Amino acid sequence: MVTSSFQYFAPTSVAEAAELLEQHGDDAKLLAGGHSLIPLMKLRLSEPQVVIDLGKIGDMAYIREEDGGLAIGAMTTYAQLESSDLVAARASVLAEAAATVADPQVRNMGTIGGSLSHADPAGDLPAVAIALNARLITSSTGDHRTLSVDDFFVDLLTTALAPNEILNEIAIPALPARSGSGYAKFANKASHYAIVGVAAVVGLDANGVCEHASIGVTGAGPVASRASEAEEALRGSRLDDATVSAAAAQAGAGIDFLEDIHASAEYRAHLTSVFAARAIRQAASRAG
Ligand SMILES: Cc1cc2nc3c(=O)[nH]c(=O)nc-3n(C[C@H](O)[C@H](O)[C@H](O)COP(=O)(O)OP(=O)(O)OC[C@H]3O[C@@H](n4cnc5c(N)ncnc54)[C@H](O)[C@@H]3O)c2cc1C
């Protein structure tokens, strides 16, 4: 299967890419790892007349420590996240989730920026970005914006990125003291996409009481979302089995569960509470 014909540009700076995006507007698509865009183009579900390849921009793939947290370039691949000592030390749930994506071929090409910008309802990293309270830094001609992850995922395959914006950097704030994290997913056996995936970060005080809880859910609904009610149910409590189960049962609150050949809405609702409990227990066991 081949794509429709298109004009190809390979800018060498973000400014040049932003200029091209501004110039070609809705006719253009940015290309990162290509593991979502190219299949869509081959199926003619996406037919951009202009493709702007971010792959030749030297300074978009990096992982740096910043204010005790991380600054990650949008073109950083899953493989780089998975193997980074800095990510393991500062946001291990990101490395853990990246390692569950597909296979080495996809992980060597797919990027964090592509994953978040594509907003696939079954993508792993959107849930992790929510749990880590990421900030998304964008560039357009002569302008930059910083978006909270809570405002970023709008709907199925839809983000708050404007058509002329490039996602440039993902900033992950330092985790609270005495916190732990975990990612649990029920994966599609063929692709490894998340039928349901839950990322959790919890922080405990010196007495083992939960001070901080942040939980992202993917796969369950049309868009990754924050499990606010489950977070609320954890805060201020000791994370014993009953508390975790009760909180996890609320992880699906507000989700309009998807129904497809992989799972019914009812099954997804069940999986959401089961995998939320696993992620919270894993995070709690690593906290303190
Ligand atoms: C066989 C297979 C199995 C997979 N399994 C999984 C899995 O288990 N879990 C999972 O999470 N994903 C999975 N994926 C998807 C994969 O992770 C993709 O790589 C990812 O969704 C998109 O990242 P990319 O870098 O390839 O982006 P691309 O495909 O290049 O781009 C995707 C979209 O994002 C836009 N975009 C890309 N970068 C930017 C940017 N910096 N700023 C603004 N817009 C941008 C593009 O214009 C395009 O619309 C799988 C893919 C395949 C082919």
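Let's start with Asp260, which is partly exposed at a relative accessible area of 35%. Asp260 has a salt-bridge partner, Arg268, and the closest N and O atoms of the two are 3.0 Å apart. Arg268, for its part, is buried, with a relative accessible area of 3%. Keep in mind that all of this comes from a predicted model.

So what's going on in general? Side chains of opposite charge can pair when their charged atoms come close. Searching the whole structure turns up eleven salt bridges. Here are three of them:

| Salt bridge | N to O distance |
|---|---|
| Asp260 and Arg268 | 3.0 Å |
| Asp124 and Lys185 | 3.0 Å |
| Glu232 and Arg235 | 2.9 Å |

Take Asp124 and Lys185, whose side chains meet in a salt bridge. This pair ties together distant parts of the chain, 61 residues apart. Asp124 sits in the loop between helix H7 (112–118) and helix H8 (125–131), while Lys185 belongs to strand S11 (residues 179–187). Are these two buried or exposed? Asp124 has a relative accessible area of 5%, and Lys185 comes in at 17%. Both count as buried because the cut-off is under 20%.

Now for Glu232 and Arg235, another pair of side chains joined by a salt bridge. Glu232 counts as exposed at 52% relative accessibility, whereas Arg235 is partly exposed at 33%.

Definitions and conventions. Residues are numbered from 1 along each chain as its sequence is written. This is a predicted model: local features need pLDDT of at least 70, side-chain atom pairs count only at pLDDT 80 or more; totals for chains, interfaces and linings use all residues. Side-chain values use heavy atoms; hydrogens and water are left out. A salt bridge is a side-chain nitrogen of Lys or Arg within 4 Å of a carboxyl oxygen of Asp or Glu. Helices (H or I, at least four residues) and strands (E, at least two) are DSSP runs, numbered from the N terminus. Buried means under 20% relative accessible area, exposed over 50%, partly exposed in between (1.4 Å probe, protein chains only).
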